[in-house]
Every structure is written in structure tokens, then in C-alpha cells.
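I am opening a notebook on a chain that is new to me, and I want to look things up in order, from the whole down to single residues.

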Amino acid sequence: MGIPPEKKRLTIGKQIGLMRYHFPQLKYRGKGNQLKWVGPLRPRDSSPEYQLHILYTYHLYAPKVFVLDPEIVDNAPHRYADNSLCLYYPKDGSWSPQMSLAKTIVPWTIRWLTFYEVWLVTDKWFGPEAPHN
């Protein structure tokens with residue numbers, strides 16, 4: 001019978017194509033099953049231009065997003081130990097390999113950066129939060 005279409009992972013080519021179409025400023029630098037994009041993203045007109053590194057090991061790991069410049073302050077919330085951004089709660093099924101990085105991870109990064117900019121001024125995170133142990 002095969003895997004239902006809604007359960008199939010997007011191909012590497014489809015992920016690359018969707019990213020190129022929606023965010024052409026992010027340049028693809030991947031090789032094999034290591035998908036990688038680098039480039040600028042500005043969440044709002046008044047925001048600084050953030051240099052990103054998006055890494056996704058196809059079929060193996062969840063995508064990771066790193067901000068290369070300007071440097072994120074050390075005590076910023078919602079980051080993992082490797083300084084990648086915590087964009088969603090992995091246990092709630094928000095993201096899966098069937099989803100487009102360009103339609104999920106990048107928009108979530110824009111939201112994270114917006115919440116971060118507000119946090120810098122208010123010291124309050126206005127974005128969604130999941131309980132942590």
C-alpha cells in the first residue's frame with residue numbers, strides 16, 4: 001500500500017526548492033543529507049539584519065537554527081545548550097520531516113527574533129512557552 005502522501009517526508013530537492021522560492025536571500029550550502037542555509041533575515045523593518053545558519057540533517061535530526069551575527073546575549077531565553085534557538089516544543093509534534101522548513105522553521109525563527117527583541121527591552125518573553133523540568 002505504501003506510505004500515505006501526508007506521511008511522506010519532503011525530498012531534499014523539495015526542501016531546497018521551497019527555501020529558495022520563499023527565502024532566496026538564504027543561500028544553500030549543503031552537501032548530501034546535510035542541508036544548510038546561511039544568510040540574512042530581518043524580522044521587522046526596524047530590526048537589525050540577523051545572519052543565520054540553518055542546519056538540517058535529513059531523516060535524522062530536527063532542524064537547528066543559529067544566529068551568527070549580531071550575537072545573541074548570553075542569558076537570552078529559549079535556546080539550547082549549543083546556542084541554537086528553541087523554536088517549538090519537540091514533544092508536541094509541532095514540526096515533523098513532512099513539513100517544509102521554509103513554511104515552519106524560518107517563520108518560527110522570525111517570531112523568535114521578534115520576541116527576543118521585545119525581551120531585550122522588557123525582560124519578559126511574550127512568546128509561547130512550554131513547561132520545562
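The entries below record what I looked up, beginning with the chain as a whole.

**Entry 1: the whole chain**

I note at the start that the model is a predicted one. I looked up the secondary structure and found 2 helices and 4 strands, which run from the N terminus in the order α-β-β-β-β-α. The radius of gyration is 15 Å, close to the 14 Å that the globule rule gives for 133 residues, so I write the chain down as being as compact as a globular protein of that length. Along the principal axes, the C-alpha atoms fill a box of roughly 55 × 35 × 25 Å. I also looked up burial, and 39% of the 133 residues count as buried. As for contacts between residues at least 6 apart in sequence, 41% of them join residues at least 24 apart.

**Entry 2: helix H2**

I turned next to helix H2, which covers residues 105-122 and has 18 residues. From the first C-alpha to the last, H2 reaches 25 Å, close to the 26 Å expected at 1.5 Å a residue. Which residues of H2 are buried? I found Ile105, Val106, Trp108, Thr109, Trp112, Leu113, Phe115, Tyr116, Glu117 and Trp119 in that group. In reading such a list I keep in mind that an α-helix has 3.6 residues a turn, so residues three or four places apart point the same way. I then asked myself what the buried residues of H2 pack against. Their partners are helix H1 (12-22) together with strands E2 (34-41), E3 (50-57) and E4 (64-69). After H2 comes aspartate 123, and its phi is positive, near 65°.

Is proline 43 buried or exposed? With a relative accessible area of 17%, proline 43 falls under the 20% cut-off and is therefore buried. Leaving aside residues up to four places away in sequence, proline 43 touches Pro48, Tyr50, Ile110, Leu113, Thr114 and Glu117. The C-alpha atoms of proline 43 and glutamate 117 are 9.7 Å apart, although 74 residues separate the two in sequence.

Arginine 44 is partly exposed, at a relative accessible area of 39%.

**Entry 3: leucine 35 in strand E2**

I moved to strand E2, where leucine 35 is found. The relative accessible area of leucine 35 is 0%, and it is buried. Which residues does leucine 35 touch, not counting those up to four places away in sequence? I list Ile12, Gln15, Tyr28, Gly30, Ile54, Leu55, Tyr56 and Tyr58. Between leucine 35 and leucine 55 there are 5.8 Å from C-alpha to C-alpha, with the two 20 residues apart in sequence.

**Entry 4: backbone points in the loop between E4 and H2**

Before this entry I remind myself that most residues other than glycine have a negative phi, and that most peptide bonds are trans. Aspartate 69 and proline 70 are joined by a cis peptide bond, with omega at about -10°, and proline 70 has its place in the loop between E4 and H2. Histidine 78 lies in this loop too, and its phi is positive, near 60°. With 16% relative accessibility, histidine 78 counts as buried. Asparagine 83 is likewise in the loop between E4 and H2, with a positive phi of about 75°. At 43% relative accessibility, asparagine 83 counts as partly exposed.

**Entry 5: the largest pocket**

Last, I looked up the largest pocket, whose volume is about 390 Å³. Of the 18 residues that line it, those closest to its centre are Cys86, Leu87, Tyr88, Tyr89 and Pro128. What classes of residue make up the lining of the largest pocket? I wrote down 12 nonpolar, 3 polar and 3 charged residues.

Technical notes. Residues are numbered from 1 along each chain as its sequence is written. This is a predicted model: local features need pLDDT of at least 70, side-chain atom pairs count only at pLDDT 80 or more; totals for chains, interfaces and linings use all residues. Side-chain values use heavy atoms; hydrogens and water are left out. On a 1 Å grid over the protein atoms alone, a cavity is a set of points where a 1.4 Å probe fits but cannot get out, and a pocket is an open set with protein on both sides within 12 Å along at least five of seven lines; lining residues have an atom within 4 Å of a point. Grid points are joined across faces, edges and corners, and a volume is the space filled by probe spheres set on the points. Ala, Val, Leu, Ile, Met, Phe, Trp, Tyr, Cys and Pro count as nonpolar, Asp, Glu, Lys and Arg as charged, and the others, Gly among them, as polar. The expected span of a helix is 1.5 Å times one less than its number of residues. Buried means under 20% relative accessible area, exposed over 50%, partly exposed in between (1.4 Å probe, protein chains only). Contact means heavy atoms within 4.5 Å. The radius of gyration is taken over C-alpha atoms; the globule rule is 2.2 Å times the number of residues to the power 0.38.
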